[in-house]
Amino acid sequence: MNVAKSGYRVFSANSSVACTELAKKITERLGVELGKSVVFQESNRETRVDVKESVRGQTIFIIQTIPRDVNTAIMELLVMAYALKTSCAKNIIGVIPYFPYSKQCKMRKRGSIVSKLLASMLAKAGKEMLCFFPVDNLRASPFLIQYIQEEIPDYRNAIIVAKSPSAAKRAQSYAERLRLGLAVIHGEAQCSESDMADGRHSPPCVRNTTGHTGLELPLMMAKEKPPITVVGDVGGRIAIIVDDIIDDVGDFVAAAEILKERGAYKIYIMATHGLLSADAPRLIEESAIDEVVVTNTVPHEVQKLQCPKIKTVDVSMILAEAIRRIHNGESMAYLFRNITVDD
């Protein structure tokens, strides 16, 4: 039995090797055994969870990383939380390094806030999913900054790059902490998230109306992106592009090409979550990017086999410390020392 002297137990909501790797690293740091359970898919793709030990009256931490099959991972977490709830667990706390549907956190035109729906489902399934309400949103930036300092030769000759103006705050935070310069790529062909149809900001479609036309308001000029340019000198420098998620790598590849044209001799991509969907490994391997550094919040072992440029930073230390502090009722402020919302 996984009877931890500390009075809590840790389970993984996924039985696959790739997804339990992070959970095992966390439990090793905590000095406890990983809870015994089986999570599998029936022949009709239904999710089944079998908890193999008593959890009555215990505080349970569920670790769930999100692989490519996002919806299956969500169901695994929901079913496990409910199974533990019905097994009389005292508290159920979700540890989700990458929260799925986090991009759908704003109201869109005739849309919905899917991340809010998911949080409500998890809270209902697990009685008290403290990962969500309230949320302790941990930061991986200290680990990425440490990687830059220890693994990038001559990083003092580097410059931090924001691949769009909207990413400038995060890039500025990295630049200030590393005492480096800052550059911003402006004029990307893609539409930023703020330009997408938003039910709160986008005007309704123009319709032909009869009767009173109302007041004549000034006509808003249509947006037109300027030619792509780099604000800042990257010539003869190491360019380090920082972001929170790297999924569709098209924008990063295009940014790397521009930086090469402007004279950068090495290009690194630093991101917390490496989703790396579709042809991302192949595109990275064929691009001007020298290295992509992501954390192990999302399993990406297959992508690493396809592209040796992808490197991983382990963040199990901060997750283990967060679990320990939550269980012991200690302040979480220690984990946010000198960290701001822009990190």
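**Entry 1: an aromatic pair**

Does Tyr 8 count as buried or exposed? I found that Tyr 8 counts as buried, at 3% relative accessibility. I noted the cut-offs: buried means under 20% relative accessible area, exposed over 50%, and partly exposed in between, with a 1.4 Å probe and protein chains only.

Before going on, I wrote down that this is a predicted model, where local features need pLDDT of at least 70, side-chain atom pairs count only at pLDDT 80 or more, and totals for chains, interfaces and linings use all residues. Residues are numbered from 1 along each chain as its sequence is written, and side-chain values use heavy atoms, with hydrogens and water left out.

Next I looked for ring pairs (rings of Phe, Tyr and Trp, the last by its six-membered ring, with centres within 6.5 Å; planes under 30 degrees apart are stacked, over 60 edge-to-face, the rest tilted). The count came to 1 aromatic pair. Tyr 8 and Phe 61 form this pair, edge-to-face, with 5.7 Å from centre to centre and 80 degrees between the planes. Tyr 8 lies in strand β1 (residues 8-12) and Phe 61 in strand β4 (residues 59-63), so the pair ties together parts that are 53 residues apart in sequence. Phe 61 is buried too, with a relative accessible area of 0%.

**Entry 2: the sheet**

I learned that helices (H or I, at least four residues) and strands (E, at least two) are DSSP runs numbered from the N terminus, and that two strands pair if DSSP finds at least two bridges between them. Here 7 strands form an open sheet with mixed pairing, in the order β8-β7-β6-β9-β10-β11-β12. β8 (229-231) and β12 (310-313) stand at the edges with a single partner strand each, so one side of each has no neighbour in the sheet. From one strand to the next, the twist averages 30 degrees.

I then checked β11 (residues 291-295), which pairs with β12 in the parallel sense over 4 bridges. Val 292 stands opposite Ile 310 in β12.

**Entry 3: helix α6**

Which strands does helix α6 (residues 250-261) lie across? I listed β6, β7, β8, β9 and β10 (266-274), with α6 running at about 170 degrees to β9. Such angles run from 0 to 180 degrees between N-to-C directions, and the axes are lines fitted to C-alpha atoms, for helices over the stretch in contact; contact means heavy atoms within 4.5 Å.

The buried residues of α6 are Phe 252, Val 253, Ala 255, Ala 256, Ile 258 and Leu 259. Among the elements covering them is α7 (280-285). Lys 163 lies over the face of Phe 252, at 5.0 Å from the ring centre. For this, NZ of Lys or CZ of Arg must be within 6 Å of the ring centre and within 35 degrees of the ring normal. After α6 comes Gly 263, with a positive phi near 110 degrees.

I looked at the buried residues of α9 (residues 316-328) and wrote down several, including Ile 318, Leu 319 and Ile 323. Gly 329 follows α9 and has a positive phi, near 70 degrees.

Where is Arg 139? I found Arg 139 in the loop between α3 (114-126) and α4 (141-151). Arg 139 is buried, with a relative accessible area of 16%. Leaving out residues up to four places away in sequence, Arg 139 touches Ile 318, Ile 339, Thr 340, Val 341 and Asp 343.
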